[in-house]
Amino acid sequence: MGKPEEFDPRLKSYLHRGASTPAPAGFEARIAARARRQRRGWVLQVAAAAALLVLAVGLGIALQRARQSVGVTPTPTPFASPNINPTPTPTPSGPYPLLPPVSLRMISASTGWAAGSGTNRILRTADGGSHWDDAGPRGAQPGNWTTFFLDANNAWVASSLQPGSDTPDFSVHVYRTSDGGKNWNNAGVVAAGQGWPSSVSFVDASHGWLFMNLGGAAGSQGVAFYGTADGGRTWTKLSEADTSGSSGHLPLSCSKGAPVFLNPSTGWLPGSCSAGGGPFFYVTRDGGRTWHNVALGSPAGWGSTCMCEVTSLRFSDARNGVFVLTSYGSAGVPESAVYSTTDGGGSWRPGPSLPAQAYDVFFIDKSHGWTINPKANNSLLSTSDGGQHWSTVGPIPSTQGVTGLQFVTTEIGWASGSEPAGNTLIKTTDGGQTWTTQLSP
Amino acid sequence: MAHEQPVDAAGFDAAVHAESGRLFAVAYSILRDVQEAEDAVQDTMEQAWHSWGALRDPSKRGAWLRQICVRRAIRSRRRLLPRLWLAESGTVQGQPASDPDPDLDRGYRRLTPQQRAVVTLHYEYGYTLDECASLIGCQPGTARSHLARALASLRKELNYG
């Protein structure tokens, strides 16, 4: 049997050899030549599709006239699974805006934001998603955008050239709006020396954090926190993961998820560790300067050490929050349990298990939540008793998977579906039984 | 939604030359097959052309193209019939030399494409698992499940207990 500590370096070396494999001779020339050919082919395909469409419409008209002539009454066709309604005309102009990474934040049943960071586009709706208007900063530094939407008026964009740029420019430009995207200002620049923004978050119009991913190695990940108390104009480096093992320091080991802050002083950093390392769950009580491990009680029947992770951390109000702890057995088969707090994160209690193959949850209060089984046609499941019981609602229509799910009431919610040409935005008004496409490529 | 757009062939070709090598590295890391990796890059560039209006700024091409390429790679299916251009070019590239760690190579190739993508993006390229989820088009928990199952499978394959 190999030594466990040898596994990660061995895997890392193997992966690096793969990523260093040069492209075969003549590769670029072939790609360019085929792409040029493909452009002509695309025109022909569009022409052929148009011809087929004309033929289909003509045939439909002929059939309709034939039915009317013999007095046949059309009968409504029930929705087939997946339930999806006709697509309204998208309102944003220009190229399709929701190229991933896509983030969605609905503030209420009427007002919300959607960001297509792949296109540096930010959309805002004020009518429940029937119309979406461009609301992003004009003239902002292009690059990789990380967004945060606090409420109907306040939003931030952190723009970085990393990852993917050969330049040594690791600065992060932060832009802010406080009037719903009508006006943006260049709030400030974070002079980071490495990495890229993994998330930006605010708890009010003043206090926010920039969470930098400094890159990972096998079983570890460097991260750094920058903080602001003036809405993003000035930023201070608060902490960075290291190998010191000192109290209050974040460890370099383990993978980190997205931090969640409850107020200007208190926040949590979830994540996962290598086999046997237990869950990764750190808390700060001083605004991100120092971090301390949170001891979590295991659900009945679980061992004290596990290959496990903390996900889906979210507070529905100042006191109530949940996260999911998933433990993977030796064969990688997961088992998940919902943890909850009713005292603002002072204590976390393990609760019921999640249905098999479900990993992420979204709760709008301590009782009502949803999860998705991606292995069962993106089937949506709901609970109204804090996860004690889950009911299958139905599939969420998406050909490649659901990347985001959010509800604002027990009936009204949105999901983002992954499609080959971009992400769809779909809405339900009946708790997930039927879905209407609001934006699609 | 297709968009009629002015053809900027020179700019597009320049982007192909600037990005295709890096895209090949990502695709090959996942697929471990030269021809499939080349197909993934080809498909990526075809989609890039359709979305060219959103990609003219060079600074945001890299990340976007990488994401498209990753998605193409994990949905790669070896074609039953060779493309016409293969016959035209008459160039079928050989595979690189065998990996010096054949046991790990064999175990890696047995992983699902999604598992390989998460392992590669997380361990080699340094993306967080949330970022991996966004790149491959799934929820964060699903990406973590892919990683856990992949590592468990590799450890078992390599007898790490």
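**Two chains and their interface**

Let me start with one residue, B:S20, which touches A:F27, A:E28, B:A15, B:V41 and B:M45, leaving aside residues up to four places away in sequence; contact here means heavy atoms within 4.5 Å. B:S20 sits in helix α1 of chain B, residues 9–31. Helices are DSSP runs of H or I with at least four residues, strands are runs of E with at least two, and both are numbered from the N terminus. B:S20 counts as buried because its relative accessibility is 0%. Buried means under 20% relative accessible area, exposed means over 50%, and partly exposed is in between, with a 1.4 Å probe and protein chains only.

Some ground rules. This is a predicted model, where local features need pLDDT of at least 70 and side-chain atom pairs count only at pLDDT 80 or more, while totals for chains, interfaces and linings use all residues. Residues are numbered from 1 along each chain as its sequence is written, chains are lettered from A and ligands numbered from 1 in the order in which they are written, and side-chain values use heavy atoms, with hydrogens and water left out.

Now chain B as a whole. Chain B has eight helices and zero strands. Of its 161 residues, 63% are buried. Take the contacts within chain B between residues at least 6 apart in sequence: 69% of them join residues at least 24 apart. Chain B exposes about 6100 Å², with carbon and sulfur atoms supplying 54% of that; accessible areas come from the Shrake-Rupley method with a 1.4 Å probe, and for residues only the protein chains shown count as cover.

Next, the interface. How many residues of chain A are in contact with chain B? There are 91, and they meet 80 residues of chain B. The area buried between the two chains is about 7600 Å², and carbon and sulfur atoms give 55% of it. Buried area is the accessible area (1.4 Å probe) that two parts lose on being put together, summed over both.

Five salt bridges are counted between chain A and chain B, a salt bridge being a side-chain nitrogen of Lys or Arg within 4 Å of a carboxyl oxygen of Asp or Glu. A:E309 and B:R144 form a salt bridge through their side chains, at 3.4 Å from N to O. On the chain A side, the elements giving two or more residues include α1 (4–19), α2 (27–69) and β19 (307–315). The residues on that side of chain A divide into 44 nonpolar, 30 polar and 17 charged.

Over to A:S199, in strand β10 of chain A. A:S199 is buried, with a relative accessible area of 11%. Its contacts, not counting residues up to four places away in sequence, are A:T146, A:W209, A:L210, A:F211 and A:P259.

Last, some backbone details. Most residues other than glycine have a negative phi, and most peptide bonds are trans. The peptide bond from A:Q162 to A:P163 is cis, with omega near -5°, and A:P163 is in the loop between β7 (155–160) and β8 (172–177) of chain A. A:N378 has a positive phi, near 50°, and lies in the loop between β24 (369–373) and β25 (379–383) of chain A. In chain B, B:R32 has phi near 55° and lies in the loop between α1 and α2 (34–50). Is B:R32 buried or exposed? B:R32 is buried, because its relative accessibility is 3%.

Terms used: Ala, Val, Leu, Ile, Met, Phe, Trp, Tyr, Cys and Pro count as nonpolar, Asp, Glu, Lys and Arg as charged, and the others, Gly among them, as polar.
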